[in-house]
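Trainee: I am new to reading structures like this one. Could you walk me through a few features?

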Amino acid sequence: MATSILNIALTGLKAAQAGMSVTANNITNSDTVGYSRQTLVQNASFSNFSGSGYFGQGVDVVTVTRAYNAFLTAQTTQAASSLSYLNTYSDQMTGLMNRMGTVETGVSNSLNGMYDAMSNLSQRPSDTASRQAALTSAQSAAARFRNISDDLSSLRNGTNQQISSTTVTINELVQSLATYNDKINVAMGSTGNGHTPNELLDQRDQVLRELGKLTSISFSTQENSINVNLSSGQPLVVGAVASQFVFQADASSLSGGTLTLMRSGKETPLREADLEGGSLGALVQFRDRELNNAQTELGKIAIALAAGYNQQQQFGIDAKGAAGTPLFTIGAPMVAPGRNNTGDSLVAINVTDIRSLTGEDYQLTRNGSDYVVTRGSNGAVVGTYDSLPQEIEGLRMGLLSGSMADGDSFTISVAREAASGLQVLINDPSKLATAAPMELQTGSTNKGTGVVGHLHSVQSDTVDYGKSVNVVFTDSSKYELRDSAGTVLGAGSLTPPKSQIALNGWSFDMTGTPSAGDTFTVAASRGDPSGDNRNALAMASLGTTKLLEGNTLTDKYASLVAQVGTRASGINVSKTAQQAAFSQSINEEQANAGVNTDEEGASLIRYQQAYAAAGKILAMSSQLFDELITSLR
């Protein structure tokens with residue numbers, strides 16, 4: 001019996017010692033990131049049967065487990081991913097707002113300066129100083145557009161650099177997870193006899209959390225391994241096999257770089273939908289949404305500016321009596337080939353006349369033997385052609401080399417880089433076309449409410465500013481174009497709310513509703529280049545003209561800045577809410593797996609007392625054994 005008591009005491013000592021060891025480990029790791037509280041698992045040893053019944057044989061230390069809840073881990077990982085996404089997005093939006101500037105510090109000041117200089121020129125067209133001031137203000141406005149566009153391009157390059165560095169970190173974490181899977185399988189197999197390597201499991205979970213901060217993931221446990229997928233289902237880690245992100249800078253793409261997933265030697269292009277969370281998702285979506293939109297909208301404003309002033313400048317007569325030449329040029333369109341193209345073609349897109357540009361994106365596709373051009377905004381077919389090149393809305397689309405295969409496509413972004421190349425084409429102030437070759441007259445007996453704007457130029461195969469033309473309305477919407485002899489030169493109809501009437505390279509806009517019989521005359525009336533200010537007045541009025549989508553250019557830029565600010569504010573609101581959700585998930589996880597030093601201190605005392613009690617049993621067992629030996633002598 002004494003021997004049995006001795007063995008029982010020994011098992012108690014070992015169990016208490018193990019408990020103190022686990023408790024001490026918990027206390028010393030209370031501030032270790034990712035550490036989960038460990039617990040000693042012990043069972044009563046199998047009893048030994050004797051004639052008087054079953055007698056216990058002490059305690060067995062079974063294993064050491066960690067506090068772990070798969071649901072809480074997944075919840076915290078998802079919350080961390082969402083918070084990282086919003087933090088990164090917010091930082092990028094701040095960078096965008098800083099580069100766009102405010103309504104006062106953006107392009108608006110430069111535009112208003114140009115409008116004021118043009119207004120001053122319209123009052124003193126023969127004044128050389130006024131001409132020089134107008135030209136300088138136009139150059140300053142163009143430079144401001146270029147500076148902001150360059151800043152946005154710099155932001156794009158910086159974002160792509162962040163994407164590249166983030167993918168490197170992701171690849172390291174993904175490979176680390178695969179390595180941990182392998183180590184844990186070994187540790188729980190031949191090495192650990194099925195016991196869980198808690199520290200390895202904690203470290204793997206911490207790597208998983210860090211990966212979740214960088215990209216949105218889902219994960220599941222398969223035996224001893226964790227399999228990780230992107231939120232869209234693309235596999236990142238399967239057992240000990242890891243996929244790798246590949247980022248490639250690509251100047252020919254609209255984004256400036258492409259992301260693919262490499263697995264078993266095969267690359268799969270990643271879409272925006274594959275990257276919906278984490279800092280990587282924020283970077284990609286900011287680049288492809290916010291930054292693309294800001295740069296495109298800035299380009300559209302630049303195109304509208306160039307088109308509006310070129311229309312007026314090319315209609316007028318300069319100080320030396322020559323026809324006005326274009327005032328502005330813009331950056332070249334961007335052309336991006338489709339990812340699945342199989343042909344070897346290179347497409348050349350050139351701006352033939354800024355006045356005819358719409359600012360919209362286009363898609364050029366080879367469909368059988370035809371070339372189909374569609375609008376990027378709505379997919380509407382602009383034209384179907386059996387050969388290239390073709391002139392389409394101010395653009396010349398052609399093949400630089402090679403040939404397009406059936407199904408090949410190219411995306412054409414007209415506005416993306418328009419602002420980056422906005423420049424004034426003339427250096428001589430005398431070339432500002434302040435005089436006009438024609439004037440617009442309203443019939444004295446008109447009864448309708450039709451109101452006409454200024455005459456300006458449009459792209460045309462036939463330009464003739466020396467022939468007067470009468471516009472005669474046959475009803476409230478239809479009109480005929482007649483020469484002085486009454487011969488009908490053409491006809492058309494109005495498309496409210498604003499309609500354009502054009503012939504021979506001139507054009508004017510009309511609002512309101514004319515009555516049948518109302519007339520308007522485009523009269524040849526060449527002004528004196530030295531003092532005529534009619535075309536200068538028209539150029540001065542462009543500051544208040546709604547040149548872009550029913551807005552003046554300054555209003556349109558103010559709307560763009562406000563849009564960026566509103567988006568940034570919305571992101572910040574979401575970030576604040578997500579911070580609260582993340583803190584709650586962390587607290588829930590810590591309540592389950594965190595180390596409470598007060599509780600561990602109490603456990604340490606309990607194990608110490610158990611150790612001391614087992615020691616007393618051991619001492620008593622030794623005393624009984626000594627007494628038994630003495631009695632036998």
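**Pockets and rings**

Mentor: Gladly! Keep in mind that this is a predicted model. Let us begin with the largest pocket, whose volume is about 1000 Å³.

Trainee: Which residues lie nearest the centre of the largest pocket?

Mentor: Among the 34 lining residues, those are Gln-311, Lys-498, Asp-509, Lys-546 and Leu-547. You can also read a lining by class: here there are twelve nonpolar, 16 polar and six charged residues.

Trainee: Which element gives the most to the lining of the largest pocket?

Mentor: That is α6, with seven residues. β23 (451–452), β28 (499–503) and β29 (506–511) each supply at least two.

Trainee: What is the volume of the second largest pocket?

Mentor: About 600 Å³. Of its 24 lining residues, Ser-253, Leu-254, Ser-255, Thr-258 and Arg-339 are the closest to the centre. Look for α6 again: the largest share of this lining, four residues, comes from that helix.

Trainee: And the rings? How many aromatic pairs does a search of the whole structure find?

Mentor: Seven. One of them joins Tyr-89 and Phe-286 edge-to-face, at 6.2 Å centre to centre and 85 degrees between the planes. This pair links distant parts of the chain, since Tyr-89 sits in helix α2 (residues 70–100) and Phe-286 in helix α6 (residues 278–313), 197 residues apart. Tyr-85 forms one aromatic cluster with these two.

Trainee: Is Tyr-89 buried or exposed?

Mentor: Buried, because its relative accessible area is 1%, under the 20% cut-off. Phe-286 is buried too, at 0%.

Trainee: Where does the charged end of Arg-606 sit?

Mentor: Over the ring of Tyr-607, 4.7 Å from its centre. Likewise, the charged end of Lys-183 lies over the ring of Tyr-180, 5.9 Å from the ring centre.

Conventions. Residues are numbered from 1 along each chain as its sequence is written. This is a predicted model: local features need pLDDT of at least 70, side-chain atom pairs count only at pLDDT 80 or more; totals for chains, interfaces and linings use all residues. Side-chain values use heavy atoms; hydrogens and water are left out. Rings of Phe, Tyr and Trp (its six-membered ring) pair if their centres lie within 6.5 Å; planes under 30 degrees apart count as stacked, over 60 as edge-to-face and the rest as tilted. Buried means under 20% relative accessible area, exposed over 50%, partly exposed in between (1.4 Å probe, protein chains only). A charge sits over a ring if NZ of Lys or CZ of Arg is within 6 Å of the ring centre and within 35 degrees of the ring normal. On a 1 Å grid over the protein atoms alone, a cavity is a set of points where a 1.4 Å probe fits but cannot get out, and a pocket is an open set with protein on both sides within 12 Å along at least five of seven lines; lining residues have an atom within 4 Å of a point. Grid points are joined across faces, edges and corners, and a volume is the space filled by probe spheres set on the points. Ala, Val, Leu, Ile, Met, Phe, Trp, Tyr, Cys and Pro count as nonpolar, Asp, Glu, Lys and Arg as charged, and the others, Gly among them, as polar.
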